[in-house]
Amino acid sequence: MMLTELTIAAAQDGLRRRDFSAVELVGAHIAAIERLNGRLNAFITVTADQAMDAARRADDVLAKGEAAPLTGIPLGIKDLFCTDGVRTTAASRMLENFVPPYESTVTANLLRDGAVFAGKTNLDEFAMGSANINSAFGAVENPWKREGEADTVLVPGGSSGGSAAAVAASLVMGATGTDTGGSIRQPASYCGIAGIKPTYGRCSRWGTIAFASSLDQAGPMARTVEDCAILLQSMAGFDLRDSTSVDCPVPDYRAACGRDLKGMKVGIPAEYRVAGMPAEIEAAWNKGIAWLRDAGCEIVEVSLPYTKYGLATYYIVAPAECSSNLARYDGVRFGRRVPAASLDEQYEATRRAGFGAEVRRRIMMGTYVLSAGYYDAYYLRAQKVRNLIRRDFERAFQQVDVLLTPTAPSPAFAQGEKMDDPVQMYLNDVFTVPASMAGVPAMSVPAGLSANGLPLGLQIIGRSFDEEAVLAAASAIERAASFTHRPALRAEVV
Amino acid sequence: MSYVIEGRTGPWELVVGLEVHAQVISQSKLFSGASASYGGEPNTHVSLVDAGFPGMLPVINRECVAQAVRTGLGLKARINLESRFDRKNYFYADLPTGYQISQFTHPIVGEGAVEIELADGSIRTIGITRLHLEQDAGKSMHDQDPTRSFIDLNRAGVALMEIVSEPDIRTPEEAGAYLRKLRMILRYLGTCDGNMEEGSMRADVNVSVRKAGEPFRTRCEIKNVNSIRYVMQAIEIEAARQVEIWEGGGSVDQETRLFDPARGETRSLRSKEDAHDYRYFPDPDLLPLVVEEAWVESLGAVLPELPDAKRQRFQSEYGIPRYDAGVLVAEQATADFYETVARGRDPRLAANWVIGDFFGALNRTGRTIQDSPITAEGLGGMLDLITDGTINGKIAKDVFEDMLETGESAAAVVERRGLRQVTDTGAIDAAVQAVLDANQDKLAEYRSGKDKLFGFFVGQVMKAMAGKGNPALVNAALKKVL
Amino acid sequence: MSLDPATVRRIARLARIGIDESDLHALQGELNGILGWIEQLNEVDIDGVEPMVGTGHAALRMRDDVVTDGDARDAVLSNAPDAAGPFYTVPKVVE
């Protein structure tokens, strides 16, 4: 039995039956990380010793028959979640040596439920990027290869690229991600795994390093929809320390995965059929429509007329918030400091050296769109358009229960492609951003392979706080697709 | 009262508006659970939220909101049931997050008014534009190290109310009266201690000048003035400076200035002005603040009686003069003290004793009402002894001084020192006779028509009785014999 | 709207990000590219549309006025690049 190929659901059973120990399970994954991380660069920090200690404690708990939902399950934690006593970098030079004296709510919830953290996964610096090439700790390699191109290094997507690559390559059984405009869903699609961005307010943002506060939302990434449901069950929940956390009961997500879809109305938004969409993306989408129809869903054409403005709106709102959120990195209380003679010179030197090019670019953009004379033309206008986008979704959800779209306009691309022009890079998020702008839950699930053998994801978008419908529809697609393909680079083959 | 600056080109009028920053009285900070109390070892009243650590988030303190609402009600202002928090972005050493959470577009309190009374007895109304909640910054210390400034974040995140007046103030005196009245209202409400020395109340002063009938000219903002006297001085000095500029053919630049009381000048803080662009936008970590009308009403229902209302009531209920009532309501504690003394007694007598002897004694001994050895009940007890004839007014002064020294009750002092007033007519008659016997010459003069000597005899009798004779009875006995 | 080099410098100054003259040209081009692309929002009719504020799911929750935090100077200073005793430090500020 390959322990690294198990699902979380299967591992839970195996651990409880004592088919294998947590030490064996975690050990197999740590060994895989040791073999593969040098190549994939999926982890910034590997906490092997702590993980093995935690595994031994998990075995004690399991021996007493007191297992919590995630006891002994090895996970990767995106290095944007602050972890008490474990370096947390946001993939930035700025926080290279930052050791938080606190644990984020989401990771604390996972620890409460017995999870074992194998380490902190790589990401685009401060979660800004769609290819995981903007990391101060180096780019992440997608474990998938184009057919016949074993030497071409593909990007894993971003910003949760390290988490996606680690899960796809079976270095961990699941991982946390954060999604601001697609940072869970797009890398999940590129790496052939599942990932859900829950409703804004479902997972606490407390202790997670902020990029754009009105959009940031944590979520799980795993190889199956059910595993995502299991992880989300632990991660989600009301938190008094986050004023935007919503006090709304967390339902049984795992149960939702098996739900019968008969009578579910699935909307197909016309506006997502963008000009120039690759035929294979459209084909995958059409297959998804057919699978859901076969599962008993009613397919409805819907219109989200303001969707096409989602991306431009996002690239005003997110940089604006980031320009303010990242002002705290000033070299005074934590993080990097480049000493200089005056305070302003120190700020400028510190922030120039501490932030990478994309982060600096977005801070500049955000500063500009909020500045005197431009606020109305950019920021205020964007927030109005954002309201129109949200209303689009509200109207659509009066007609249908979920929406089905592609996750991304292309499969994973190669490092070096699309890198000259920021706008070309931003377009990778064209399908994922609108749901972020509206705050509604959305999930990517693998649906098939592209002509050159790369995974393609489909996106299910649901009503606010109805992650159950999203999980149910995603499970149906997962079953119909029977996506059993595995990446070229993975634990059991390398 | 008109205030005119005489320039070479004729008279100029003064236009002043004040922005007062008042520290909210609360246990914990506006958005964190760290202590809001003054003092404390450096960086001990600091949470990771206050220090702006990554991933830390603000959660608002209900009491701070309630304090703002109470203050709004006290200023007879509109309470905005929905308000918002914005980020004011700027970099500074004592601003940990790089932005101050404030209320820019939607403050919690809208228009209100404060009535002020001037020395000539005239009354003016100064409009309140708005009141909003915001965070205080930390403190930089520049004198501890040759090359570095040290940062203490104990104050960072403490709640402030910024109270903005309309540019209705026309004289330095009005500015002083406005600040005193505002401070009085805040103290009555218990929303700010109004202590300008400790910085819990500070004023930014907007000053401009104009010729009569003109629209407003450019104003300058004098930042962070920390006493009422300095505010009045700064206004005078700044107005004179502006008149000088205008009359010299120049124009006043809109800028932030600093008042230097030692040099008696204001000077430009141009360095701070440099590229100010606060980039306000709604704080995405916070949702709109919605307060229920019923909650506002419940806060209003238990609001203390405010100085204006109390003064009117003192006048009508106790029949004391407006001026006395004004003195008594200046502090809540004074007003309470007076009411305790006055209740069930002669309120005018009570007012005279409280304002005269009691305040005099506090001043003389450097004490406050709180640590005064004479309590309101104690002073009332002494007045009771006057009223029931146990002591007379003159002896009462002695008793009062004794009480001040020993902290004993008036009755105990009277008992210990045997100061009970003599009403035994036999004893009085005997004393009268003894005085007449000893002053045969004066008696003869009196009888020959020198009526004024009656007072001399009264004094002699009282002296013989060690001041304890009942003055009315002594008078009656003398009249009978003479 | 297109940014000139002076505006790029002003934004960098506001954001306290040091830029070299050599960065300026590239940065100006990139920012103008993004700005040109987001110009598309100008075609949206936003008359009478309220800006989105909050999530619409709840109003702000208020916490009780209790001291629950602070008194943790070691944690507060644990990551300071240059603490001096109980203080953070910055280069001397002349006021």
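1. Basis of the note. The model is predicted, so local features need pLDDT of at least 70 and side-chain atom pairs count only at pLDDT 80 or more, while totals for chains, interfaces and linings use all residues. Residues are numbered from 1 along each chain as its sequence is written, chains are lettered from A and ligands numbered from 1 in the order in which they are written, and side-chain values use heavy atoms, with hydrogens and water left out.

2. Extent of the chain C and chain A interface. Chain C contributes 54 residues and chain A 68 residues to the contact (heavy atoms within 4.5 Å). The two chains bury about 5,300 Å² between them, with 67% of it on carbon and sulfur atoms; buried area is the accessible area (1.4 Å probe) that two parts lose on being put together, summed over both. C:W37, C:M52 and C:R61 supply 15% of the area that chain C buries against chain A, more than any other three residues.

3. Elements on the chain C side. At least two residues each come from α1 (5-14), α2 (21-38), α3 (73-77) and β2 (88-91) of chain C; helices (H or I, at least four residues) and strands (E, at least two) are DSSP runs, numbered from the N terminus. The largest share, 9 residues, belongs to α2(C).

4. Domains of chain B. Chain B is divided into domain 1 (4-298), domain 2 (305-417) and domain 3 (425-481), with bounds from an automatic or database domain assignment. The C-alpha centres of domain 1 and domain 2 of chain B lie 38 Å apart.

5. The domain 1 and domain 2 interface of chain B. Here 11 residues of domain 1 are in contact with 12 residues of domain 2, and the buried area is about 870 Å², of which carbon and sulfur atoms give 52%. On the domain 1 side, B:E117, B:M184 and B:Y188 lose the most area, together 62% of what that side buries.

6. Links across the domains. The rule finds 4 salt bridges between domain 1 and domain 2 of chain B. B:E117 also takes part in a salt bridge with B:R322, at 2.7 Å, N to O. On the domain 1 side, β7 (112-117) and α2 (172-189) of chain B give two or more residues, and α2(B) has the largest share, 6 residues.

Notes:
Salt bridge = Lys/Arg side-chain N within 4 Å of Asp/Glu carboxyl O.
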